Amino acid sequence: MSLANGDSARYFAAAQEGRLVFQTCADCGAVQHPPRHHCATCWEANLSFEPSSGKGTVESFTIVRRAPLPAYRDKVPYVVASILVEEGPRMIATLTGADALDVAIGDTVTVAFEANVNGDTLPVFARA
């Protein structure tokens, strides 16, 4: 079952291609995530998907040491972080890489892409 819906199909298609995109409102310039049918700032529906630099900063994180589902049993421990992306949105994403468990608040990260347990390609981040 795909995570994509009518509002997010272009976001997930870009992720499948290894690109991080965010919706930008043509009326007020707001950049938003997750994708929605309308701008969360001005409520207009004049939105387009624009490329992201893929760079961000770790705002907060937690280390998951107990798998929430059997499918994640082989992945623990892993880091889930709140990332403030350069363009403004915050994303909750997995932090990957050999040094992921050494994460600290304020670390610079860059986007990467991985398939989740259902086969959807999702953005993840790695310490820069």
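I started with the record: UniProt, in an unreviewed entry, places "domain: ChsH2 C-terminal OB-fold" at residues 51-114. UniProt positions follow the numbering used here, feature names are shortened, and annotations may be inferred rather than shown by experiment.

A note on the ground rules: this is a predicted model, local features need pLDDT of at least 70, side-chain atom pairs count only at pLDDT 80 or more, and totals for chains, interfaces and linings use all residues. Residues are numbered from 1 along each chain as its sequence is written, and side-chain values use heavy atoms, with hydrogens and water left out.

Next I looked up the make-up of residues 51-114: 0% helix and 52% strand, with the end C-alpha atoms 18 Å apart. Helices (H or I, at least four residues) and strands (E, at least two) are DSSP runs, numbered from the N terminus.

Then I turned to a sheet. I found 3 strands in an open, antiparallel arrangement, ordered β2-β1-β3; two strands pair if DSSP finds at least two bridges between them. β2 (31-32) and β3 (47-51) each have a single partner strand, so one side of each lacks a neighbour in the sheet. Strand β1 (residues 21-25) is joined to β3 by 5 bridges, and phenylalanine 22 has glutamate 50 in β3 as its bridge partner.

Last, the rings: I found 2 aromatic pairs (centres within 6.5 Å; planes under 30 degrees apart are stacked, over 60 edge-to-face, the rest tilted). Tyrosine 11 and phenylalanine 12 have ring centres 5.1 Å apart and planes at 80 degrees, so they pair edge-to-face. Tyrosine 72 and tyrosine 78 make a tilted pair, 6.4 Å centre to centre with 35 degrees between the planes.

How values were computed:
Rings of Phe, Tyr and Trp (its six-membered ring) pair if their centres lie within 6.5 Å; planes under 30 degrees apart count as stacked, over 60 as edge-to-face and the rest as tilted.
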